[in-house]
Amino acid sequence: MQKFIAAPLNPAWNNQFSTGAEWRKFADHQAIKINAGIPDMMQRMNVKMERSTIDGVRVYTITPNEIAPENRNRVLIHEHGGCYVLFPGETGATEAIMMAGFGHIKVIMPDYRMPPEAYFPAPIDDGITVYKSLLKTMSPKNIGIFGTSAGGALTLEITLRAKQLGLPLPGALGSGTPMSDATMVGDSFYTNKLVDNVLVSPTGFCQAATVVYAKGHDLKDPLLSPVYGDMHGFPPTILTTGTRDLLLSNTVRVHRALHRAGVEADLEVYEGQSHAQYQFDDRVPEAKEAFTEIGAFFDKHLGK
């Protein structure tokens, strides 16, 4: 983790692509290196991964070789991160692999549509489709949703959308350093500028990607900036961030919003970490610590 913390600024931090096609080209190039390491990671985590579709949505199902007895009737939906434009296909599954491996629980990751294939609100729609399908055979209390960065935001956005649709809400949420305010409001956007070595700047690549994804939609819409949504009735939620995270304030503000709505919420803040570094490498002790905590939170709050 010290190597991640001490690394130079992300060389792609100021990419300012203005089209979905440009972002997909960059995402596909980035995926080559990530995909090369996935087989070894799956072996270390003792999981298997299968690609399929659920009601027309592409998904990857990650199943641990040993599912904990208490998790046999539970499942987690993983919303991958990547500023709504990155980590297509199995590239997005690294966090799901860690959660399945450390938590000994089955995880389903929607390979949600991204630009240029589709724009806002396609990832939310795909997440809702998968959730509704699971509701046909499972209690909502036995389903959890989690993700990091854009995935942390999607976790909140899908729950807001489920609430709008009158669907029963899941049993618990895990929202890691969520992109909860696309309007760039929040103290750490400025105090951690050029300190966070992943996102680096509030006007860097992730903001540029979000603008492309939003395709002219109001960035303050709660389905793009969920911190402005009505979180009354939300399930218990665990939030994870770091002291150097550009989105530290985004995470803290969601924690406060949940508390104001009377929702049980835990806030985990890791020393020295920039954006999402707790899930960069399964071999790092802090990764095991983070996912063990998230897994314990789900175990506490999901139905049996």
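A disulfide here is a pair of cysteine sulfur atoms within 2.5 Å. With that in hand, here are the close-ups.

The model is predicted, so local features need pLDDT of at least 70 and side-chain atom pairs count only at pLDDT 80 or more, while totals for chains, interfaces and linings use all residues. Residues are numbered from 1 along each chain as its sequence is written, and side-chain values use heavy atoms, with hydrogens and water left out.

**View 1. Cys-83 and Cys-206 are joined by a disulfide.** The structure holds 1 disulfide, and its two sulfur atoms sit 1.9 Å from each other. Look along the S-S bond and you get -105 degrees, which makes the link of Cys-83 and Cys-206 left-handed. Cys-83 lies in the loop between S3 and H3, while Cys-206 belongs to helix H7, so the pair ties together parts that are 123 residues apart in sequence. Those labels come from DSSP runs, numbered from the N terminus: helices are H or I runs of at least four residues, and strands are E runs of at least two. Both Cys-83 and Cys-206 are buried, where buried means under 20% relative accessible area, exposed means over 50%, and partly exposed is in between (1.4 Å probe, protein chains only).

**View 2. Eight strands make an open sheet.** Follow the strands across and the order reads S1-S2-S4-S3-S5-S6-S7-S8, with mixed pairing. Two strands pair if DSSP finds at least two bridges between them. At the edges stand strand S1 (47–54) and strand S8 (265–270); each has a single partner strand, so one side of each has no neighbour in the sheet. From one strand to the next, the twist averages 20 degrees. Zoom in on S1 and you find strand S2 (residues 57–64) paired with S1 in the antiparallel sense over 8 bridges. Thr-53 stands opposite Arg-58 of S2.

View 3. H3 is mostly covered, with 10 of its 10 residues buried. Among them are Thr-94, Glu-95, Met-98 and Phe-102. Just past the end of H3, His-104 takes a positive phi of about 55 degrees.

**View 4. Thr-155 sits in helix H5.** H5 takes in residues 150–164 and lies across S3, S5 and strand S6 (172–176), at about 145 degrees to S5. Thr-155 counts as buried because its relative accessibility is 0%. Leaving out residues up to four places away in sequence, Thr-155 touches Glu-79, Ile-145, Phe-146, Gly-147, Leu-173 and Gly-174; a contact means heavy atoms within 4.5 Å.

**View 5. Arg-58 and Asp-111 meet in a salt bridge.** A salt bridge is a side-chain nitrogen of Lys or Arg within 4 Å of a carboxyl oxygen of Asp or Glu. A search of the whole structure turns up 12 of them. In this one, N and O are 3.2 Å apart. The pair links distant parts of the chain, 53 residues apart: Arg-58 is in strand S2, and Asp-111 is in the loop between S4 and helix H4 (122–135). Arg-58 is partly exposed at 26% relative accessible area, whereas Asp-111 is buried at 6%.

View 6. Arg-113 is partly exposed, with 29% relative accessible area, but Asp-126, at 5%, counts as buried.

**View 7. Asp-230 pairs with Lys-163 in a salt bridge.** The closest N and O atoms are 3.5 Å apart. Asp-230 lies in the loop between helix H7 (205–214) and strand S7 (237–242), and Lys-163 is part of helix H5, so parts 67 residues apart in sequence are tied together. Asp-230 is partly exposed at 44% relative accessible area, and Lys-163 is partly exposed at 28%. Elsewhere, salt bridges that share partners join Arg-58, Asp-111 and Glu-117 into one network.

How values were computed: Axes are lines fitted to C-alpha atoms, for helices over the stretch in contact, and angles run from 0 to 180 degrees between N-to-C directions.
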